[in-house]
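Here are my notes for your first walk through this model. Keep the sequence and the 3D view open side by side, and take the points in order.

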Amino acid sequence: ESAAIVPEVEETASAIASMEIRGAATIAGAAAEALATQARETAVEDPATFRATMRAAARRLHETRPTAVSLPNALRYVLQRMEGDDVETLRRRVVRSSARFTRRLEEARDRLGEVGANRLQDGDVVMTHCHSTDALACIEAALDQGKSLSAIVKETRPRNQGHITAEALRELDVPVTLIVDSAARRYLDEADHVLVGADSIAADGSVINKIGTSGLAVNARERGVPIMTAAQTIKLHPETLTGHTVEIETRDEDEVIDPATRSGIGDLTVENPAFDVTPPRYMDAIVTESGQFPPESIVTLMRELFGDGAETPWAEP
Ligand code: RUB
């Protein structure tokens, strides 16, 4: 008896790889949901076959993008709760823990929003980079507290996620000034805060986020503008507790320059790393649903949550 990965898992995996589904928290939610669909639609009798199919689905989702640890953390959350002796129980456990994961994702975002909002004051101008639902939660909570804010939004080449942020902020009635990435330092003089998200946070407090975050952080420090990362605890990277580093995704060169323009220029190398690493000393605070932390002390929270490391329940036994 064997079972296949269902089309919904394939679709979710392709959508994550192509960035139709993007952003660390959104990717995690979609992966958890895909596992629930796989569980619902795997019609086998043998518990071992059921488990093997779930692991295969998780591996397919896992291989899509390497940097956002929320993805493996979501797979871990669901698969670690896949317990039982018969298929019906296993299926119920997967479906239930997937739903619980999604609920916790939303609760964590709301709670960290309130923590981050306390760092913002009425009238503040906030500079953003990329599009982060956790960062936006802080702005939304500050607005709920009756504060009025405005935003300077970096467009975030090459994929222009700044446009998504600008649209979300306009829906909240926040005045938006859109700038090109290279104008960031000039406009820092008009900003009271820099607010970014994270794809992964390492045990030493390094923040891995959209390419350009580290340069922005260094410039913010030089201009005296505080910078915070809004990142719920599923962004904490358990493997960094045992000395592993976070893999930085390299994406297609065509995102940077279209092939026709490129061949007009002549032979050249194009590089397109999607993320970079901001050292802890350039980040003022990491805001989570468990409170705010100086980056250097995030390891305490990580030990509490993960112990000494992380299992990979999707691995072939
Ligand atoms: C998205 C990105 C976001 C984080 C946090 O990169 O770097 O800042 O994922 O987002 P990409 P969120 O567009 O390449 O996925 O707070 O929504 O999890």
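1. Start with the buried residues of α3: T49, F50, T53, M54, R55, A57, A58, R60 and L61. Buried means under 20% relative accessible area, exposed over 50%, and partly exposed in between, using a 1.4 Å probe and protein chains only. Among the elements covering these residues are α1 (7–17), α2 (24–41), α4 (70–80) and α5 (87–117).

2. A word on what you are looking at. This is a predicted model, in which local features need pLDDT of at least 70 and side-chain atom pairs count only at pLDDT 80 or more, while totals for chains, interfaces and linings use all residues. Residues are numbered from 1 along each chain as its sequence is written, and side-chain values use heavy atoms, with hydrogens and water left out. Helices (H or I, at least four residues) and strands (E, at least two) are DSSP runs, numbered from the N terminus.

3. Now the nonpolar cores. Each is a set of buried Ala, Val, Leu, Ile, Met, Phe, Trp, Tyr and Cys residues joined through side-chain atoms within 4.5 Å. The largest has 31 residues, and L35, F50, M54, L61, L75 and F101 have the most contacts inside it. Two or more residues come from each of α1, α2, α3, α4 and α5, with α2 giving the most, 7 residues. Apart from this core lies another, of 29 residues, including I201, V207, L236 and L241.

4. Which residues does L35 contact, leaving aside its neighbours within four places in sequence? They are M54, A57, A58, L61, L75, V78, L79 and V94. Contact here means heavy atoms within 4.5 Å.

5. Next, find the open sheet: 7 strands in the order β3-β2-β1-β4-β7-β9-β10, with mixed pairing. The edge strands, β3 (176–179) and β10 (291–293), each pair on one side only. Two strands pair if DSSP finds at least two bridges between them. Strands β1 (residues 125–128) and β2 (residues 150–154) run parallel and are joined by 4 bridges, and V125 stands opposite S150 in β2.

6. Finish with T165, which sits in helix α7 (residues 161–171). Is T165 buried or exposed? With a relative accessible area of 2%, T165 is buried. Its side chain reaches the backbone oxygen of C130 at 2.6 Å. Beyond its neighbours within four places in sequence, T165 is in contact with T128, C130, H131, L136 and V153.

Technical notes. Polar contact = N/O pair within 3.5 Å; in protein donor to acceptor, adjacent residues only side chain to side chain.
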